[in-house]
Amino acid sequence: MTDKKLPSFDELPKFHNFSGCAWDVWGRDDELGTVNLLTEDVVKKAAEEIKLGKTVCLNWPVNFPEKPFYNRQTPIIHSWRKSDNVNDDSISINTQSGSQWDGLKHYGIEEHKVFYNNTPSESLYRGHLSIPDPGKIDPQLTKLGIHNWAQHGICGRGVFLDLVSYYTSGGVPLPYDPWTTHAIALKDIQDCAKKQGVEFRQGDILLLRMGFIQRFNSATPEERLSFHGKPETFAGIEQSEDMKRFLWNNHFAAVASDQPALERWPTPQGTPQLHQTILGLFGMPIGEFFDLEALSKFCSETGRYTFFFSSWPLNILGGVASPPNAAAYF
């Protein structure tokens, strides 16, 4: 990243019928996207948030949900005894079945069949990737892989907006069901930030609590099973030009929530998925299924909604996505 002033959303060029194309911001060979904002100076400044030594895990156990959405495989965790005093285990998961970062290889511009930085869909490697020699890694096979973020780290100042607490302050019930299609308005996000006394700065990692995991934890087994085989419907941020403008103009390094899709799902008919802009045009990591329940409790008790955020995705060469291995440090 250079010291030049970043363009505003409205200064970014269009890509065909999509506004806000950031491909030229860090160069056409870039594979980091907005993670470029997490410079050494930004990370060092963010570390000043650590005052108590308190840590909070932000990862949902790999076991959940037992019945993943979007036809993804059930996580399999198996352990066995190798000898009297030695145990091993193995896990087999879809990297997007639970807590996850969506990588740049996950979602592109569907209509135009390209991914971040105008990478043609057909040029991305699919299939079993074997790399026996670490000294001979074909960059074309690993293009836009999650390893780029894994080797850089997604570390900086975390900013938490507790929308569930914002909506339910005063003892009123949450005005929507997180398990149904519902749009979280930009105004509510901005008002929540104002109420919490949060001011954004360049390179922040934005975390939004909208209620999915709270709802999941309190549901009956029958309610949890009722999801299986049905079309997915979830609350999430609205798909609007102003929402895109908000995410870009605040120059967040990443955005994550406790919902399965971050954005309202499904989108209204004729409205493109916001994933296409956030991942495909901005190159901004999207976090989903982050467990923000313990974070909500601690932030409420202390009145602190900013902290040092650390995340080290799995170092999978050419990987599409990864569990976040994320934590907040106060």
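Start with the whole protein chain selected: its radius of gyration (taken over C-alpha atoms) is 20 Å, which agrees with the value near 20 Å for a compact globule of 330 residues. That rule is 2.2 Å times the number of residues to the power 0.38. Along the principal axes, the C-alpha atoms fill a box of roughly 65 × 60 × 45 Å.

A word on what you are viewing: this is a predicted model, where local features need pLDDT of at least 70 and side-chain atom pairs count only at pLDDT 80 or more, while totals for chains, interfaces and linings use all residues. Residues are numbered from 1 along each chain as its sequence is written, and side-chain values use heavy atoms, leaving out hydrogens and water.

Next, show the surface. The protein chain exposes about 15400 Å² (Shrake-Rupley method, 1.4 Å probe), and carbon and sulfur atoms supply 50% of it. Of the 330 residues, 52% are buried, meaning under 20% relative accessible area with a 1.4 Å probe, protein chains only.

Now switch to cartoon view. You will find 9 helices and 15 strands; these are DSSP runs numbered from the N terminus, with helices (H or I) of at least four residues and strands (E) of at least two.

Finally, select residues 76-83, strand 2, and residues 86-92, strand 3: they pair in the antiparallel sense over 7 bridges. Pairing requires at least two DSSP bridges between two strands. This is a hairpin, with 2 residues between the strands.

Note on methods. Buried < 20%, exposed > 50% of the residue type's maximum accessible area, 1.4 Å probe, protein only.
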